[in-house]
Amino acid sequence: MAQGSQAAVEEELGDLLFSVVNLARKLGVDSEPALAAANEKFVQRFHAMEERLNAGERKLGDPGLTLEAMDAAWDAVKKGMRG
């Protein structure tokens, strides 16, 4: 990233992803279902965050909605979905 080259960043990210998949394999985890489950969890949390914001009469994309407010809503949803 320090080089500023997109190609270099993509290459390093590819190496990192390869390493994570290899670690999953060594742990006996099928990486594709694990990634699919993580994506589904993200989608559920994102929709719940959006509903939480809407309940407070805020919407994603509103000019006054700060990153801090979105983070707080995300954290509240994440805390409520644990267990």
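# A walk along helix α2

Start by selecting the buried residues of α2: they pack against α3. Here buried means under 20% relative accessible area, with exposed over 50% and partly exposed in between (1.4 Å probe, protein chains only). Helices are DSSP runs (H or I, at least four residues), numbered from the N terminus. This is a predicted model, in which local features need pLDDT of at least 70 and side-chain atom pairs count only at pLDDT 80 or more, while totals for chains, interfaces and linings use all residues. Residues are numbered from 1 along each chain as its sequence is written, and side-chain values use heavy atoms, leaving out hydrogens and water.

Which residues of α2 are buried? Pick Arg45, Ala48, Met49 and Leu53.

Now stop at arginine 45, in helix α2. Arginine 45 is buried but has no salt bridge (a side-chain nitrogen of Lys or Arg within 4 Å of a carboxyl oxygen of Asp or Glu). The nearest side chain of opposite charge, aspartate 75, is 8.5 Å away; Lys and Arg count as positive, Asp and Glu as negative, and His and the chain ends are not counted.

Next, select Ala48, Met49, Leu53, Leu65, Ala69, Ala73, Trp74 and Val77, the eight residues of the largest nonpolar core. Such a core is a set of buried Ala, Val, Leu, Ile, Met, Phe, Trp, Tyr and Cys residues joined through side-chain atoms within 4.5 Å. Helix α3 gives the most to this core, with four residues.

Finally, just after α2, look at glutamate 57, which takes a positive phi of about 60°.

Methods:
Helices (H or I, at least four residues) and strands (E, at least two) are DSSP runs, numbered from the N terminus. Contact means heavy atoms within 4.5 Å.
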